[in-house]
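Dear colleague,

Please find below the structure that I am handing over to you. My notes on its helices and its sheet follow.

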Amino acid sequence: MSKLSVLKELPKVELHLHLDGCIDVHSAHGMLQEANVPRKYRNMPVSELKKIMVVDKSLKSQKELLEYFRIPTMILQTGNNLKRAYYELCKIKKDDNVCYCEVRFAPQLHTLGGLTFDEIMLSVLEGKRQGERDFGILTNIIIVGLKDRTSNENIEMLEEIKKYKDFGVIAVDCAGVEEDFSIMEQQKFLLRARERGFKITFHCGEVKESLDDLINMTQAVTPDRIAHGSIAIGSLDFCKELIKKNIMLDICPTSNLQAGLYQKYSEVPLKSLYDMGVPISINTDDTVLSDISLSEELNLVLQNSNLTLKELIDMNFKALEHSFADDKTKEVILNKINIFLKGKLI
Ligand SMILES: [Zn+2]
């Protein structure tokens, strides 16, 4: 069995994945017909939509990358479209043999068409229920607060969605344009999320200048995991702290390259972090928007980072360990992986 086939067929765990970055372009075309959008978007052929929804080159900044979310944000303003997006994400992941993933989205981005937080949550949860049932994968939801809102505004959203904890919503994150908004502004929000019983994570490290923020925020809130954060390599002391506190970095190499953080894949310090003992997982961030499946991403890591297939499989086990799944789910996934690996010489 070739290494690529192993990576393709391995039952995989993906921890850093955005709902709005995983909308198939053909589906988007259909969803636009239902959304309240200007006619020019409804009439746009799939080939044109693709140009503004799928990144096909390296961009200058994270800010530029985030512009590709314009169409997904327009689309995801109806209950049906939210449900459909989650359902189809389950299929996309199933087709790539991802057997467990954590899907994140920001409820505040989906109220523009008048949906309430309850309507948003119930639509997404219905898509999750149907997707898991039809495609046999397991998922959990991470709620994202926004860096361009105040901590108090994010807390207001949190107080409304907290009742969905234990119904598939397990953790809280915070994301947004890093060059304009410091994650340090969101301490109160994330600490409140922890008080409410959620696991916490935050986006940081998509621009080189954020190392201080990354270190300070980690010290302030002690997250369970960090979204991105590969720039941690710039501080040996901080890496030691991540190891000591067992905090995983959910790294998305292609996304980081597209956002201009690195110029070449081989610059992403995956091997150095791994060898040092920093817990890391490999993810796509936005499977459709970044045009990369998890198998393809892992294959790129294999080709460009000096990490071996065995080490990538070890990372998959570690991702499961650091996932926010309950023990029963972890056991089911662990069995799946072990059955696949049995008898294979890797
Ligand atoms: Zn992300």
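Which residue takes a positive phi just after helix 17? G343 does, with a phi of about 80°. Helices (H or I, at least four residues) and strands (E, at least two) are DSSP runs, numbered from the N terminus.

Please note that this is a predicted model, in which local features need pLDDT of at least 70 and side-chain atom pairs count only at pLDDT 80 or more, while totals for chains, interfaces and linings use all residues. Residues are numbered from 1 along each chain as its sequence is written.

Helix 17 itself covers residues 327–341. Its 15 residues should span 21 Å at 1.5 Å a residue, and the end C-alpha atoms are 21 Å apart, which agrees; the expected span is 1.5 Å times one less than the number of residues.

The sheet is open and consists of eight strands in the order 1-2-3-4-5-6-7-8, with parallel pairing; two strands pair if DSSP finds at least two bridges between them. Strand 1 (12–18) and strand 8 (280–282) each have a single partner strand, so one side of each is left without a neighbour in the sheet. From one strand to the next, the twist averages 25°. Angles here run from 0 to 180 degrees between N-to-C directions, and axes are lines fitted to C-alpha atoms, for helices over the stretch in contact. Strand 4 (residues 169–175) pairs with strand 5 (residues 199–204) in the parallel sense over two bridges; V172 has I200 of strand 5 as its bridge partner. Helix 15 (residues 294–304) packs on the sheet and touches strand 1, strand 2 (98–105) and strand 8, its direction making about 120° with that of strand 8. Residues are in contact if their C-beta atoms, placed from the backbone, lie within 7 Å.

Two helix pairs involve helix 7 (residues 79–95). The axes of helix 2 (residues 25–34) and helix 7 come within 10 Å and cross at roughly 165°; the two are therefore roughly antiparallel (over 145 degrees; under 35 is roughly parallel, 65 to 115 roughly perpendicular and the rest oblique). S27, M31 and E34 of helix 2 make the contact with N80, N81, R84 and E88 of helix 7.

The axes of helix 7 and helix 8 (residues 117–135) come within 7 Å and cross at roughly 30°, which makes these helices roughly parallel. Residues of helix 7 including L82, Y86 and L89 meet residues of helix 8, among them I120, V124 and F135.

With kind regards

Key:
Two residues are in contact if their C-beta atoms, placed from the backbone, lie within 7 Å.
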